[in-house]
Amino acid sequence: QEHECFDIIHWNEEDHEQYIIERTLDSCRGGLDIIMDFVGSNRSMQRSLQVLNREGVILVGGNSTAETSISLTALAAKQQSIVGIPKGNLNQLMELIDAVKEDKLEIPAY
């Protein structure tokens with residue numbers, strides 16, 4: 001939020017993993033505060049944790065049947081959170097992004 005980066009970054013699975021991480025960090029001039037992951041794969045979760053800022057939040061949509069392993073020690077050390085959210089639709093996502101962008105939605109301080 002400090003840099004006012006509200007970009008949506010599409011992670012193309014054909015790209016090399018390190019390139020995706022570097023492109024993400026470069027696009028937002030650092031890590032991310034909020035990540036919405038509707039894939040929920042082990043790969044996307046591990047990638048998300050690498051670019052998530054201290055006290056950042058990953059919102060995991062209900063589309064995946066995959067399981068993943070996460071270091072609770074690393075999660076606690078960075079005070080990061082992972083929150084499950086129900087599967088929505090594109091209109092709901094756009095409404096959420098607009099509400100955050102226009103300061104219509106108060107984001108809780110953690």
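The legends below describe close-up views of a predicted model.

**View 1. The protein chain as a whole.** The protein chain contains four helices and three strands. Along the sequence these elements follow the pattern α-β-α-β-α-β-α. The chain has 110 residues, of which 23% count as buried. Its accessible surface is about 7800 Å², and carbon and sulfur atoms hold 52% of that area. Among contacts with a separation of 6 or more, 50% join residues 24 or more positions apart.

**View 2. The three-stranded sheet.** The strands form an open sheet in the order β1-β2-β3, with parallel pairing. β1 (32–37) and β3 (81–84) are the edge strands, each pairing on one side only. From one strand to the next, the twist averages 15°.

**View 3. The pairing of β1 with β2.** Strand β2 covers residues 52–60 and pairs with β1 in the parallel sense. Five bridges connect these two strands. Leu32 stands opposite Leu52, a residue of β2. Both Leu32 and Leu52 also belong to the largest nonpolar core.

**View 4. The largest nonpolar core.** This core has 11 residues in all. Its members are Ile21, Cys28, Leu32, Ile35, Met45, Leu49, Val51, Leu52, Ile58, Val60 and Leu75. At least two core residues come from each of β1, α2 (42–51) and β2.

**View 5. The surroundings of Leu75.** Leu75 is a member of the largest nonpolar core. Leaving aside residues up to four places away in sequence, Leu75 touches Leu49, Gln80 and Ile82. Of these, Leu49 is also listed in the core.

**View 6. Glu55 in strand β2.** Most residues other than glycine have a negative phi. Glu55 has a positive phi, near 65°, and is not a glycine. Glu55 lies in strand β2. With a relative accessible area of 39%, Glu55 is partly exposed, because this value falls between the 20% limit for buried and the 50% limit for exposed.

View 7. Gln79 is located in the loop between α3 (72–77) and β3. Its phi is positive, at about 55°, although Gln79 is not a glycine. The relative accessibility of Gln79 is 43%, so this residue counts as partly exposed.

How values were computed. Residues numbered from 1 in each chain as written. Predicted model: local features only at pLDDT ≥ 70, side-chain atom pairs only at ≥ 80, totals over all residues. Heavy atoms only, no water. Pairing = 2+ DSSP bridges. Axes fitted to C-alpha atoms, helices over the stretch in contact; angles between N-to-C directions. Core = buried A, V, L, I, M, F, W, Y, C linked by side-chain atoms within 4.5 Å. Buried < 20%, exposed > 50% of the residue type's maximum accessible area, 1.4 Å probe, protein only. Contact = heavy atoms within 4.5 Å. Areas by Shrake-Rupley, 256 points an atom, 1.4 Å probe, with all protein chains shown as cover.
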